[in-house]
Amino acid sequence: MAKLIVYYAHPGHKHSHVNKHMARAAARIDGITFVDLYADYPRFDIDVNVEQQRLLDHDVILFQFPVFWYSTPSIIKEWQDLVLEHGFAYGKDGDKLTGKHMLLAVTGAGPEDAYTDKGYQHYPIRTFLTPLEQTARLCSMNFTAPYVLYGALQAPNAGLVDPHVGGYRRLLEAIRDDHYDFDAAAMMDVTDFDTLPIRAEA
């Protein structure tokens, strides 16, 4: 079994349309570690030693968050700045994360066609995730296709919450059980509940 940690970050958790349901599902899955960053560090006083040990103890690091202003919620950036130290995550002797996987589960408020060169966001959603992808590369980690839900604000009315949360649960369980095809995911741009590259059980 793969050791998976989920870092959840949503500063407006109680007002969330989709992420709070995803987080609740993730927290209930046996055999994975779930961390709510805003709950654990309400004053952003991140414990670097604890977080570095968590990274050492897990094979797959997944960040779940809504895309805010084309980036992550601020606590993820603070976490990166403090935890991914030179000599630990990168640079001289900084090989502690080599070979681990980084995965993102994100929601975008706009519809899918907004995240195109002709849409009002002008770029694919993965373009806005480039800093995290490059962070993974600098730390010699493997970055794979993010799990994405577009139109998150309208998801409850569109009946998308349950299938998306169900897909998220399948994703996490497949990673835990070594059934997630990371090689296939690396060839994909994004995934959703219909396109998850999950291998059938042997």
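The legends below describe close-up views of a predicted model.

**View 1. Packing of helix α1 against helix α8 in the predicted model.** Helix α1, which spans residues 19-27, packs against helix α8, which spans residues 161-176, at an angle of about 35°, and the axes of the two helices are 9 Å apart. The crossing in which α1 passes α8 is right-handed. On the α1 side the contact is made by H21, M22, A25 and A26, which meet V161, H164, V165, Y168, R169 and L172 of α8. By class, the residues of this contact between α1 and α8 comprise seven nonpolar, two polar and one charged.

**View 2. The largest pocket and its lining.** The volume of the largest pocket is about 340 Å³. A set of 21 residues lines the largest pocket, and those that lie nearest its centre are P66, V67, F68, G108 and A109. When the lining of the largest pocket is divided by class, eleven of its residues are nonpolar and ten are polar, while no charged residue is found in it.

**View 3. The second largest pocket, with contributions from α4 and α6.** The second largest pocket has a computed volume of about 250 Å³. Its lining is made up of 16 residues, among which K77, Q80, P131, L132 and T135 are the closest to the centre of the pocket. Helix α4 (74-83) and helix α6 (130-138) each supply at least two residues of the lining of this second largest pocket, and α6 gives the most, with four residues. The classes represented in the lining of the second largest pocket are ten nonpolar, four polar and two charged residues.

**View 4. The aromatic pair formed by Y70 and F128.** Twelve aromatic pairs are found when the whole structure is searched. In the pair formed by Y70 and F128, the rings are 4.9 Å apart from centre to centre and their planes stand at 35° to each other, an arrangement classed as tilted. Because Y70 lies in the loop between β3 (60-66) and α4, whereas F128 belongs to helix α5 (residues 125-128), the pair ties together parts that are 58 residues apart in sequence.

**View 5. The largest cavity and the residues around it.** The count of cavities of 30 Å³ or more comes to one, and the space that lies in the largest cavity is about 50 Å³. The lining of the largest cavity consists of L55, I61, F63, W79, Q80, L84, L97, M102, L132 and M141. Strand β3 and helix α4 each supply at least two residues of the lining of this cavity. Nine residues of the lining of the largest cavity are nonpolar and one is polar, with no charged residue among them. Q80 and L132 are included in this lining, and Q80 and L132 are also listed among the residues closest to the centre of the second largest pocket.

Conventions
Residues numbered from 1 in each chain as written. Predicted model: local features only at pLDDT ≥ 70, side-chain atom pairs only at ≥ 80, totals over all residues. Heavy atoms only, no water. Axes fitted to C-alpha atoms, helices over the stretch in contact; angles between N-to-C directions. Left-handed = near helix turned anticlockwise from the far one by under 90°. Contact = heavy atoms within 4.5 Å. Nonpolar A, V, L, I, M, F, W, Y, C, P; charged D, E, K, R; others polar. 1 Å grid on protein atoms, 1.4 Å probe; cavity = no way out; pocket = protein on both sides within 12 Å on 5 of 7 lines; lining within 4 Å. Points joined across faces, edges and corners; volume = space filled by probe spheres on them. Phe/Tyr/Trp six-rings, centres within 6.5 Å; stacked < 30°, edge-to-face > 60°.
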